[in-house]
Amino acid sequence: MTDTFASAPASPSAAAYTVPQERRVLTAIPGPKSVEMHKRRLESVSTGVSSTLPVYIKKANGAILVDLDDNHFIDLGAGIGVTTVGHTEANVVEAATNQVQEFIHTLFTITPYEEYIRVAELLAAHTPGDFKKKSVLINSGAEAVENGVKIARKYTGRRAVAVLDHAYHGRTVLTMAMNYKAMPYATGFGPLASDVYHAPSSYPYHDGLSGADAAERTITYLEKVIGASDLACLVVEPIQGEGGFMVPADGYLPLLQEWCTANGVVMIADEIQSGMARTGAYYASEHFGWVPDLVLTAKGIAGGLPLAAVTGRAEIMDASQPGGLGGTFGGNPVACAAAIAVFESIERNDLLAEGARIEKALLAGLTKLKSKYDIIGDIRGKGAMIAIELVQPGTGDTTKLPNAAAVSSIAAFAAQHGVLLLTAGTYGNVLRFLPSLAVTDALIADALTVIDHAIAAL
Ligand SMILES: *Cc1c(COP(=O)(O)O)cnc(C)c1O
């Protein structure tokens, strides 16, 4: 047999890094050049747009961000789960570059092109469910949520929209009413859209309920407060993102789907953060045996370019009149070319296995930290979507009182030492690990050492 793979890279994503995959801190954080840039920003950028860590980036590759002062950060946020295949992944860069040279825009609703169709075909093939599916492409996650709601209302002829406690669905006028937290997403921006209802969720660490009991509690709310005959859709993140990576109890999601199906309610999976191979499956719904009617994709779909989709049962997707869905930039050809490359990279580099590898490395390291520090109350998540919930000392098995101060201190310490770590949680007491699938075990180990020191320093 000829040795066809002799020149294949040792690690699937190690193809050709343009930035060394290591942490390097050369200045105080933020460094002098970032401090200067921040002054300029404050003069021209709205204060309504905040930044977690005001270091200004000039280059990124794999799992490393390089700032203006040449500091190299281990990126455990991936732009909130956007650069899932890695920053400037070679296949994505090549596909987007080629497409830019062919054509950049025509508007699919005027003169269409193949790239849009190919993305719709790939979404139909990789979203859960073995039935005829169709898609619409748009630009952002919130726009996917908005379109999911429109499509469900048109199909059902009903008005009400239900979401779960601790949910996050976006910052547009409709979606800000669908979020759990008013601050900062809705405060002062009202009036809020009507007919949006917040039902109790499944949060095993706090409610201790089985999937069946949590589902019964949710369904009772939907039946009593809204009434099935008025409910167009129930929108659910299979693993809640901003809420703090809550993994619902076994059986919870399929039981809700069963109730929705029996009552003519469209159940929508908001997989904007959890989808696109992030959790060791194409879509997190698969971990729970949940087959949603509609699936929302955004963040990770195009390697960093803006693209989003609503995909689902053809009869629901086809209920809208021609011209009722779409938009100027929706399914931009460059973003579509990048998305096709992302799907190819997932297959070619077996990125579902990378998700499982990262889960193993993070869970092992975090479990060690939990046995050392009793402020780590819970470790949860799937694949490259893992979080720890921090509680007040000694309350981890009892009252589980949130410890937001520890989370802020650890994130600040990590940043000073070249690790970009995101926070989350309704009470601000969750640290989330949302790296790209290119993050190596060595980078994970290094980052966890920094976090160990951060907790020790509290
Ligand atoms: C980020 C996010 C959204 C909103 O997406 P945008 O692209 O920021 O509009 C919606 N739902 C979930 C679960 C998200 O994580």
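The following legends describe close-up views of a predicted model.

View 1. The shell around the ligand consists of Ser140, Gly141, Ala142, Tyr168, His169, Gly170, Glu237, Asp270, Ile272, Gln273 and Lys299. By residue class, this shell divides into three nonpolar, five polar and three charged residues.

**View 2. Polar contacts between the protein and the ligand.** In the backbone of Tyr168, an N or O atom lies 3.3 Å from a nitrogen atom of the ligand. The side chain of Gln273 places an N or O atom 2.8 Å from an oxygen atom of the ligand. For Lys299, an N or O atom of the side chain is 2.6 Å from a ligand oxygen atom. On its own, the ligand has 390 Å² of accessible area, of which the protein covers 83%.

**View 3. Helix 5, residues 141-156.** This helix contains 16 residues and extends 23 Å from its first C-alpha to its last, close to the 22 Å expected at 1.5 Å a residue. Its buried residues are Gly141, Ala142, Ala144, Val145, Asn147, Gly148, Val149, Ile151, Ala152 and Thr156. Among the residues of helix 5, Gly141 and Ala142 also belong to the group around the ligand. Gly157 follows the helix and has a positive phi, near 70 degrees.

View 4. A pair of aromatic rings is described by the distance of the centres and the angle of the planes. The model has five aromatic pairs. One of them joins Phe108 and Tyr116 in a stacked arrangement, with 3.7 Å from centre to centre and 10 degrees between the planes. Tyr116 has a relative accessible area of 10%, and it therefore counts as buried, the cut-off being under 20%. Ring pairs link Phe108 and Tyr116 with Phe103 and Tyr113 into a cluster.

**View 5. The stacked pair of Tyr282 and Phe343.** The ring centres of Tyr282 and Phe343 are 6.1 Å apart, and the angle between their planes is 20 degrees, so the pair is stacked, as planes under 30 degrees apart count as stacked. Tyr282 lies in the loop between strand 8 (266-270) and strand 9 (294-297), whereas Phe343 lies in helix 10 (residues 333-348); the pair therefore ties together parts that are 61 residues apart in sequence. Are these two residues buried or exposed? Tyr282 is buried, at 6% relative accessibility, and Phe343 is buried as well, with a relative accessible area of 2%.

Note on methods
Residues are numbered from 1 along each chain as its sequence is written. This is a predicted model: local features need pLDDT of at least 70, side-chain atom pairs count only at pLDDT 80 or more; totals for chains, interfaces and linings use all residues. Side-chain values use heavy atoms; hydrogens and water are left out. A residue is near a molecule or strand if one of its heavy atoms lies within 4 Å of it. A polar contact is a pair of N or O atoms within 3.5 Å; within protein, one must be able to donate a hydrogen and the other to accept it, and residues adjacent in sequence count only if both atoms are side-chain atoms. Accessible areas come from the Shrake-Rupley method with a 1.4 Å probe; for residues, only the protein chains shown count as cover. Ala, Val, Leu, Ile, Met, Phe, Trp, Tyr, Cys and Pro count as nonpolar, Asp, Glu, Lys and Arg as charged, and the others, Gly among them, as polar. Helices (H or I, at least four residues) and strands (E, at least two) are DSSP runs, numbered from the N terminus. The expected span of a helix is 1.5 Å times one less than its number of residues. Buried means under 20% relative accessible area, exposed over 50%, partly exposed in between (1.4 Å probe, protein chains only). Rings of Phe, Tyr and Trp (its six-membered ring) pair if their centres lie within 6.5 Å; planes under 30 degrees apart count as stacked, over 60 as edge-to-face and the rest as tilted.
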